[in-house]
Amino acid sequence: MAKLSKWEQSAEALRGVLPKPLCTRRCELLPQVLEEWERSALGEHLSREPRADFRKRIKKRDTVTKLARHLHESLDNLEQEDRYAIVLQMIRAEGSTEEVSRKKLVWLTAWLKYLSEYLAIVGDVQTTEICKPGPGQPRNVTACFVLQDAAAIFEWLTGVQATREVDRDTGAEIGPFFQFSSILWPVIFQKGTAGLPSAMKNWAEWRSQYNERSALIANIAAGHPGWGLFTPL
């Protein structure tokens, strides 16, 4: 007997914990859907930069823009003779022993002015606004995007809305979607179910507040129309 792939094994385990009855056709397609998920979306989710690293990069960029803005303002406030003086110092720093012609002096002074203008452009770049995460995104964005996709697969497979359920007495995560995610989580992150309860809470809050949904199944269906993903349950 041929060895089952990790997603075929996962599909078998998932079918075992889901409420019955299940659509036979969709159960058969589940391994293909999981494999396509890994190929098309999981890699992007898992390559997302941690927030701490993101903040460090933004801090470096902000430092550059602030310095550029400050240098532009300083150059812009110089008198013409001061510009000439800086240009002469630049030429001497290059080790040039040739007599500096007025034409070259004027040209380099103009270049210094252009440099100041480019520094103004750099100084106006809002790196934080360009690169910041979307509104309301939780600290562990990767985990929430994975759960968004998992919810889309769960809902496609079962016809039941994915929800977070908590035991009233213990506060532990329970329910079909948590069981479903508990099987996928170790395959994706390779560390058991560590981090899943916290991710479930963040995902549920994010979904409740912003009503975001994954387009994973719709995208897979568009890319593989012959699969018949939307065969009636």
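Let's start with helix 7 and helix 9. How are they set against each other? They are roughly perpendicular. This is a predicted model, and in it the two helices pack at an angle of about 75°. Angles from 65 to 115 degrees count as roughly perpendicular, so this pair qualifies. Their axes are 9 Å apart. Helix 7 covers residues 141-158, and helix 9 covers residues 196-210.

Which residues make the contact? From helix 7 we have Ala143, Cys144, Phe145, Leu147, Gln148, Ala151 and Glu155. From helix 9 we have Leu196, Ala199, Met200, Asn202, Trp203, Trp206 and Arg207. Sort the residues of this contact by type, and you get ten nonpolar, two polar and two charged.

Stay on helix 7 for a moment. Threonine 142 lies in this helix. Is threonine 142 buried or exposed? Its relative accessibility is 12%, so it counts as buried. What does it touch? Leaving out residues up to four places away in sequence, threonine 142 touches His45, Leu46, Arg48 and Phe189. Look at histidine 45 in particular. Its backbone oxygen lies 3.1 Å from a polar atom of the threonine 142 side chain.

Now the cysteines. How many disulfides does the model have? The count comes to zero. Remember that a disulfide is a covalent bond between the sulfur atoms of two cysteines. Take cysteine 23. The closest cysteine sulfur to its own is in cysteine 27, at 6.9 Å. That is too far for a bond, because the cut-off is 2.5 Å.

Last, the whole chain. What is it built from? The secondary structure comes to ten helices and two strands. In what order do they run? Starting at the N terminus, the elements go α-α-α-α-α-α-α-β-β-α-α-α. The chain has 233 residues, and 35% of them count as buried. One more number, on contacts. Residues 24 or more positions apart account for 72% of them.

To recap: helix 7 and helix 9 are roughly perpendicular, threonine 142 is buried, and the disulfide count is zero.

Conventions
Residues are numbered from 1 along each chain as its sequence is written. This is a predicted model: local features need pLDDT of at least 70, side-chain atom pairs count only at pLDDT 80 or more; totals for chains, interfaces and linings use all residues. Side-chain values use heavy atoms; hydrogens and water are left out. Axes are lines fitted to C-alpha atoms, for helices over the stretch in contact, and angles run from 0 to 180 degrees between N-to-C directions. Helices (H or I, at least four residues) and strands (E, at least two) are DSSP runs, numbered from the N terminus. Angles under 35 degrees count as roughly parallel, over 145 as roughly antiparallel, 65 to 115 as roughly perpendicular and the rest as oblique. Contact means heavy atoms within 4.5 Å. Ala, Val, Leu, Ile, Met, Phe, Trp, Tyr, Cys and Pro count as nonpolar, Asp, Glu, Lys and Arg as charged, and the others, Gly among them, as polar. Buried means under 20% relative accessible area, exposed over 50%, partly exposed in between (1.4 Å probe, protein chains only). A polar contact is a pair of N or O atoms within 3.5 Å; within protein, one must be able to donate a hydrogen and the other to accept it, and residues adjacent in sequence count only if both atoms are side-chain atoms.
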